[in-house]
Amino acid sequence: MKPKLLIVDDDEEIQTQMKWALSPDYDIVLAEDGAGALENFKAAQPVATLLDLGLPPNPNSSEEGLATLSGLLAIEKNAKIIVISGQEEKKNAIQAVGAGAYDFLCKPVDIEELKLILHRCIYVRNLENEYREMERKLRPVVFEDMLGTSPQMQGVFAFIRKVATTDAPVLLLGESGTGKEMAALAIHRRGSRKDGPFIAINCNAIPENLLESELFGHEKGAFTGAHMQRKGLMESAGGGTLFLDEIGELPPPIQVKLLRFLQEQRFQRVGGRQEIQIDTRVIAATNVDLKEAVAKGKFREDLYFRLAVVVIKLPPVRNRGEDVNLLAREFLQQYAAQSEKPALTFAPDALRAIRQHSWPGNVRELQNRIKRAVIMADGKRVTASDLELADSTEIVPAATLKEARENVERELVEQALKKHSGRISSAAAELGVSRPTLYELMDKLGINRKEADEHTAAPSGKGAAVEAQQ
Ligand SMILES: Nc1ncnc2c1ncn2[C@@H]1O[C@H](COP(=O)(O)OP(=O)(O)OP(=O)(O)O)[C@@H](O)[C@H]1O
Ligand SMILES: [Mg+2]
């Protein structure tokens, strides 16, 4: 397969000349104007682009050409673009290189020179790609005991590194079992309070009438049964970090007290008058939609904004790509060693089932299933049934070969869409087909295109799965 080359020029003669000269070595894609260039660039993903700076509607100025250049670079920041300009516009060509073009040539173009530049340009592009790939492989797999090489988790790790050194409160969001507590601990360990205590409290696990005194402590005689003064967890976390899990369950009176603490670093013990000043970093976590709780009046908006100075979203396991295999292998190794079955490995059906399952309980579910499977496994292999997962490549009975084929296709397409939260390009990549082919397949199989498109707009489409709010 020849590498694709995009040629953007409105002059038919030049198009023909270049096509003739370059088509033995390249698969040529043509465009006549800026809009066509952007469209064909996205569709063809060429290794390099030749861009005439004088494009319609005003071929005598380089305005449209420069705008197209920045449009192309916005699509792919490392795109290799060689601009072509008239002799008298050399200044603009140099400006284009300053703006990110790879190189420039003046008209009339010397084809041999162009071939040489293209050759070198593709060589540089390949080197860059190899470098990025190597860098990706060298990324740390473990960050403060958290495993993950997916871009999503690498984004989380980078964000934790950044916020750990600040004092800002952090709000961790994520489905259950995604590692919110682990992330809180990582923030603690990476911060200036790492030598202080890390105290975790689950706001949902303590009865409302005890929670206030649990958190803030009480004075002797504050309530029946308060025989002596007692310090709360807030005080115990002095010089360290207080992790408030399931913060959405915090009762309103305690929300007020916590808000005051976040504003002034002071509070009073239950039944006390004395102001206690404590230096504690607060990290909160929840798997419920706090904004919705605010809208419903269940959670104070002012407290929400205090807590959510920085928000980190832990992605669900189904959006972490290959991380699921990495986690599964690690847990298998750990539990197998613990139960003295160190030679255990996954059978192919188990690996398939792990890839296909949607992991609603995330890392915790993965741990639990593997722990159980290690106990259940006979022999040296852990099977899908040891994991209590169905091996879903079993073919659904069908009357005709066509029907059977469609059943399998539907199953695979639906799984890929589910795994990638409806993102067509990722699902297509996983299935090894182009996006248009996937759309065609979905139409043929009656899979709702609109639903998939809606998923595409979901915020999980963001690369790093983290966001900062200030
Ligand atoms: N990236 C990871 N690598 C290795 N182990 C992980 C990772 N993320 C989570 N775990 C493990 O998964 C389990 C669940 O993690 P954790 O308790 O931090 O999740 P959580 O989001 O707080 O869950 P919940 O919502 O149920 O409280 C823990 O045993 C933790 O050690
Ligand atoms: Mg937790």
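User: How do the residues of the lining of the largest cavity divide by class?
Analyst: They divide into two nonpolar, six polar and three charged. Here Ala, Val, Leu, Ile, Met, Phe, Trp, Tyr, Cys and Pro count as nonpolar, Asp, Glu, Lys and Arg as charged, and the others, Gly among them, as polar. This is a predicted model, where local features need pLDDT of at least 70 and side-chain atom pairs count only at pLDDT 80 or more, while totals for chains, interfaces and linings use all residues. Residues are numbered from 1 along each chain as its sequence is written, and side-chain values use heavy atoms, with hydrogens and water left out.

User: Which residues line the largest cavity?
Analyst: Among them are Asp-167, His-188, Arg-193 and Arg-281. A cavity is a set of points on a 1 Å grid over the protein atoms alone where a 1.4 Å probe fits but cannot get out, and lining residues have an atom within 4 Å of a point.

User: How much space lies in the largest cavity?
Analyst: About 50 Å³, taking volume as the space filled by probe spheres set on the points, which are joined across faces, edges and corners.

User: How many cavities of 30 Å³ or more does the search find?
Analyst: Two, across the whole structure.

How values were computed
Chains are lettered from A and ligands numbered from 1 in the order in which they are written. On a 1 Å grid over the protein atoms alone, a cavity is a set of points where a 1.4 Å probe fits but cannot get out, and a pocket is an open set with protein on both sides within 12 Å along at least five of seven lines; lining residues have an atom within 4 Å of a point.
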